[in-house]
Amino acid sequence: MTSLLKRLGGHAGRIVLALVFALPLVFMLVSSFKTDDQIFGDLGSVSAFLPVGALSLDNYTAMFDRVPAARFLLNSVLISSITVVLGIIVNSLAAFALARMRWSGRKVVLTTVIATLIVPFETFALPLVWWVNQLPLLRVNGFQLEWTTGWMDTYQVQILPFVANAFSIFFFHQFFQSIPKELDEAAIMDGAGWFTIYRRIVMPLSGPAVATVAILTFLPAWNSYLWPLMVVQSEELRPVMVGISYFFQLNVGWGQIMAYSSMITVPILALFVAFQRSFVNSIASTGVKG
Amino acid sequence: MVFRTRRLAAASVAAAAATALVAGCASGSGGSSSGASGDTLTLWTHNAGNSAELDVVKKIIKDFNGSQSKYKVELQSFPQTDYNNSVVAAASARKLPCLLDVDGPNVANWAWGGYLAPIDVTGSQVPVEDQLDSTVGTYNDKLYSFGHYDVSLAFFARKSVLNEHGIRIPTMDKPWTKDEFDAALAKLKKSGKFTYPLEMGTGGSGEWWPYAYSPQLQSFGGDLIDRNGYKTATGTLDGKESVEWGDWFQSLVTKGYMAKKSGADPNKDFLAGKSAIQWDGSWNATKNAEKLGDDLAIIPPVDFGKGPKIGGASWQWAMSSTCSNKEGAQEWLKFSRQTKYFVDYAKATSTIPATNEAATQVEDYQPGGRFAVLVQFAQKYATLRPVTPAYPYISTEFQKAAQDILAGADPKNALGQAAKNIDNNLKTNNNYSG
Amino acid sequence: MTTKTAAPQRLRPVRRTRTNNARRRESLTALGMATPAVVLLIVFLVVPVALAFALAFTDARLISPTPARFVGLRNFTQLFTDPVFYKSLRNTIYFAVVVVPLQAGLALVLALLVNAKVRGINFFRTVYFLPVVTSMVVVSLLWTFLYRQDGLVNNIISTLTLGHFQGPDWLGDPATAMPAIILMSVWQGVGFHMIIWLAGLQTIPAELYEAAELDGATTWQRFRHVTWPGLRSTRTFVLVTITIAAFSLFTQIRVMTQGGPLDSTTTVVFQAVRTGYDQQQTAYAAAISLIFFVLVLTVSLVQRFLTREKD
């Protein structure tokens with residue numbers, strides 16, 4: 001009897017908490033289909049969370065009219081996916097060398113990489129703005145290649161600083177170490193080179209690690225705000241998060257803000273629900289292995 | 001092992017040094033140009049959130065592109081709040097467009113920082129000399145920018161409401177005094193009809209703060225900086241008169257006359273009758289007149305002691321120093337200087353035309369027109385914000401101080417800290433010489 | 001926390017037979033494989049950190065007609081007389097001190113709630129995790145609306161108290177702005193650490209719980225003597241990650257309050273961006289970054305030291 005009560009109590013607690021976490025998001029999505037007057041009118045009752053009243057896609061069409069939101073989306077997809085792909089390659093290569101090969105300097109590099117783990121991006125973001133503005137840039141001018149300076153307002157400035165990642169290297173490193181080294185030895189006996197071992201043996205066995213790094217690289221890239229806010233000016237290079245904060249400043253109605261918010265959030269939530277197991281495993285593994 | 005480690009370390013240091021060196025050399029060479037590819041020129045404007053004005057810009061561009069076949073101008077619009085930051089960042093990236101608009105008080109800084117190139121528009125239909133002084137941007141005696149319009153600030157109110165509460169409707173000959181204004185607000189508040197009788201747009205951001213409120217500070221006798229050499233703000237921005245302004249400004253909130261933070265659309269609230277008196281720009285004059293008709297009172301700024309004041313200088317057109325097609329850019333600038341465009345601006349945005357000739361073609365602004373009084377405000381009361389490269393910094397500091405004052409900070413401390421920061425900034429930058 | 005797999009002994013003879021040539025090739029290949037990551041880390045992490053140190057002693061601006069000059073400690077003397085800097089420091093620490101235990105504790109409660117083997121438990125895990133995959137910018141905009149004087153939060157408060165209590169203007173009042181941001185931040189981030197705790201919980205062998213049950217241990221005793229000790233390494237990780245994230249508080253401030261009202265929500269990172277980007281004073285921002293860097297480093301090292309001592 002008490003255990004039943006306890007179980008019911010536990011369930012009640014879970015349900016209340018679920019409402020706390022879900023309702024603001026439900027409100028966002030539902031409001032994106034309502035007029036501003038109705039959003040405010042519904043605030044006092046439970047209809048704030050229900051798709052009731054005159055629903056329409058007006059907020060969405062108005063939003064697409066007002067800003068090139070599709071372009072922002074495309075930019076973010078492009079930036080995030082290139083960062084993920086390059087990140088997986090670059091970091092797993094380094095981790096492979098660190099975890100499975102013997103070379104001078106291995107320890108120094110590994111220690112340094114681990115040491116940089118505790119340096120948050122925010123501590124050097126501002127000097128980095130100044131720095132990327134001094135970096136050389138090769139560009140085409142007519143029939144000549146010419147050097148100019150400054151990476152501001154480009155795609156690469158939104159990608160390259162986030163490709164190499166100490167955590168990803170460390171994570172791959174831990175994972176690669178758990179793969180038996182006998183495999184390498186056997187392959188070398190068969191005449192395989194190190195790169196072949198990396199590509200044909202270790203990487204195919206590292207699916208879960210790749211998924212984890214992909215997810216943990218994708219989320220911050222998609223959500224990044226501080227950095228593009230400072231280094232991107234052109235509308236055609238703007239990612240979604242900076243786009244929405246600009247959009248907010250246009251003093252548009254709340255319905256449109258909710259529409260934009262839903263547009264950039266719902267696909268990610270859907271991805272999350274679809275690949276939930278990978279997501280949760282990824283996050284979980286950071287704690288256990290890290 | 002030890003040896004090899006050292007070698008790797010040495011190699012890394014060398015690589016880093018090499019990168020730095022390459023970067024350093026490259027940044028030394030500088031001098032790249034931007035803003036145009038061939039004869040296609042980019043133009044930036046702050047008008048993303050203001051479709052009426054944006055339409056005029058689009059029209060001029062369309063006419064220009066159609067009037068000749070050599071150059072093509074392409075438009076990019078930004079929301080006003082982030083426009084200045086975007087320009088500054090683009091300037092540092094040497095990616096400024098050829099043509100851009102600039103808020104009047106920032107011309108000195110952008111010219112000093114080397115973002116802008118002096119312009120020469122001789123030979124255009126409207127000579128620069130014909131313009132209102134506040135619509136022309138100069139720095140070190142060179143012409144950097146011009147605007148098609150200026151704006152004027154005014155109090156808007158309903159005559160019926162003022163009469164009902166026994167409040168005198170002031171004129172330019174006899175504007176409200178501070179005591180009269182305070183008494184009027186007290187009466188309106190007491191009537192219980194208005195939660196906040198006064199609406200001054202305190203939910204705004206950025207340049208609105210110094211634009212809207214520093215003229216009141218100046219009317220008290222204070223100022224943002226000592227204009228004698230522009231070398232210090234201490235003693236001026238935190239002087240006795242400025243602190244008096246701060247006390248008064250704060251009292252508006254503590255006495256419940258004005259909201260600490262206005263709603264998203266102050267003009268809408270005024271027209272809906274939520275507030276009795278609105279301190280607002282001439283850009284809303286038409287909307288107000290359409291809604292209120294003859295009941296609309298356009299009231300001069302309050303005389304707080306040193307006469308009524310409003311801020312002068314609005315958005316103006318300029319050319320970037322890195323523009324790779326300066327002839328094309330100047331062609332566009334000259335092309336835009338036709339009386340009809342001065343008129344278009346005034347009509348579309350109900351701002352004040354920058355030339356008398358344009359003013360005579362806009363019914364509302366002709367002598368005797370319903371907004372003629374706004375032109376007189378601009379002519380008689382306009383005070384330029386300090387013409388110094390330090391202005392953008394002064395602006396952010398004043399904004400913060402004013403916001404803190406409304407939020408309850410001690411006005412003397414808030415203004416004192418702002419003055420101190422401004423002085424530090426001036427010192428850090430050698431008073432922006434060079 | 002590290003799972004190290006020792007190389008099996010029997011590999012040694014094999015390795016010894018390999019020629020010097022093969023070994024040199026291995027070295028070179030390894031170096032080649034590590035180079036892209038190492039170079040990128042140097043250019044985009046090591047150099048900017050070094051720059052934070054170098055620029056802090058100059059008068060560099062993002063853009064200026066005059067070149068940067070060495071100015072000694074001037075930025076620091078200015079910084080240490082700036083009351084806003086102290087407020088930023090205080091707010092940052094305030095945020096961290098409240099958020100770290102609150103978020104870690106709540107996450108643990110959630111983890112315990114969803115660790116049960118009941119039907120539909122996955123649904124709850126998913127729901128609690130939803131805010132984590134929602135961007136902080138979106139969350140901040142959404143909650144700016146919820147926190148309005150006439151917003152949803154106050155409407156709910158009013159309904160629950162049958163109209164007896166009217167909520168404040170959460171973000172407009174210096175007394176409530178930071179607590180409101182704290183609450184929202186915990187709401188957004190707690191799901192992440194719930195999963196971490198959950199992973200930790202699942203590493204605790206079920207036999208331990210069975211043994212405790214046989215001994216007649218109460219729920220609390222089981223938590224105290226089985227669960228809590230079993231989560232030791234997870235604890236360190238949760239502590240360190242929340243602390244670092246808390247110190248870096250920026251997005252919420254930028255979107256919701258701009259540091260106001262009355263500097264009640266300004267933070268160190270926000271202050272660095274305001275001075276370094278909005279006001280273009282690169283060198284001054286570098287000085288702030290440098291102090292922030294030292295602060296974060298000190299806190300992490302202290303935390304590591306404290307947790308290491310217990311091992």
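Helices (H or I, at least four residues) and strands (E, at least two) are DSSP runs, numbered from the N terminus. The model is predicted: local features need pLDDT of at least 70, side-chain atom pairs count only at pLDDT 80 or more, and totals for chains, interfaces and linings use all residues. Residues are numbered from 1 along each chain as its sequence is written, while chains are lettered from A and ligands numbered from 1 in the order in which they are written.

**View 1. The loop of chain B that holds B:A313.** B:A313 sits in the loop between β13 (310-312) and β14 (315-320) of chain B. Its phi is positive, about 80°, although B:A313 is not a glycine. Most residues other than glycine have a negative phi. B:A313 counts as buried because it has 26 C-beta neighbours inside 10 Å. A residue is buried if 20 or more other C-beta atoms lie within 10 Å of its own, exposed if 12 or fewer, and partly exposed in between, with C-beta atoms placed from the backbone.

**View 2. The loop of chain C that holds C:D263.** The loop between α12 (251-256) and α13 (268-278) of chain C contains C:D263. C:D263 has a positive phi, near 60°, and is a residue other than glycine. With 21 C-beta neighbours inside 10 Å, C:D263 counts as buried.

**View 3. Contacts between chain A and chain C.** In chain A, 78 residues are in contact with 78 residues of chain C; two residues are in contact if their C-beta atoms, placed from the backbone, lie within 7 Å. On the side of chain A that touches chain C, helix α1 (residues 2-31) of chain A gives the most, with 11 residues. That side has 55 nonpolar, 17 polar and six charged residues. Here Ala, Val, Leu, Ile, Met, Phe, Trp, Tyr, Cys and Pro count as nonpolar, Asp, Glu, Lys and Arg as charged, and the others, Gly among them, as polar.

**View 4. The largest nonpolar core.** This core has 310 residues, and those with the most contacts inside it are A:A94, A:I244, B:L99, B:I422, C:A37 and C:I195. Helix α8 (residues 177-202) of chain C gives the most to this core, with 15 residues. A nonpolar core is a set of buried Ala, Val, Leu, Ile, Met, Phe, Trp, Tyr and Cys residues joined through C-beta atoms within 7 Å. The residues that C:A37 touches include A:V90, A:A94 and A:I169, not counting residues up to four places away in sequence.

**View 5. Helices α5 and α8 of chain A.** Helix α5 (residues 106-116) and helix α8 (residues 166-177) of chain A pack at an angle of about 125°, with their axes 8 Å apart. The two helices are therefore oblique to each other. The contact is made by A:V113, A:I114 and A:T116 of α5(A) and A:A166, A:I169 and A:F170 of α8(A). Axes are lines fitted to C-alpha atoms, for helices over the stretch in contact, and angles run from 0 to 180 degrees between N-to-C directions. Angles under 35 degrees count as roughly parallel, over 145 as roughly antiparallel, 65 to 115 as roughly perpendicular and the rest as oblique.

**View 6. The surroundings of B:A285.** B:A285 is in helix α10 (residues 285-292) of chain B. B:A285 counts as buried, with 25 C-beta neighbours inside 10 Å. Leaving aside its neighbours within four places in sequence, B:A285 is in contact with B:I298, B:S350, B:F371 and B:L374.
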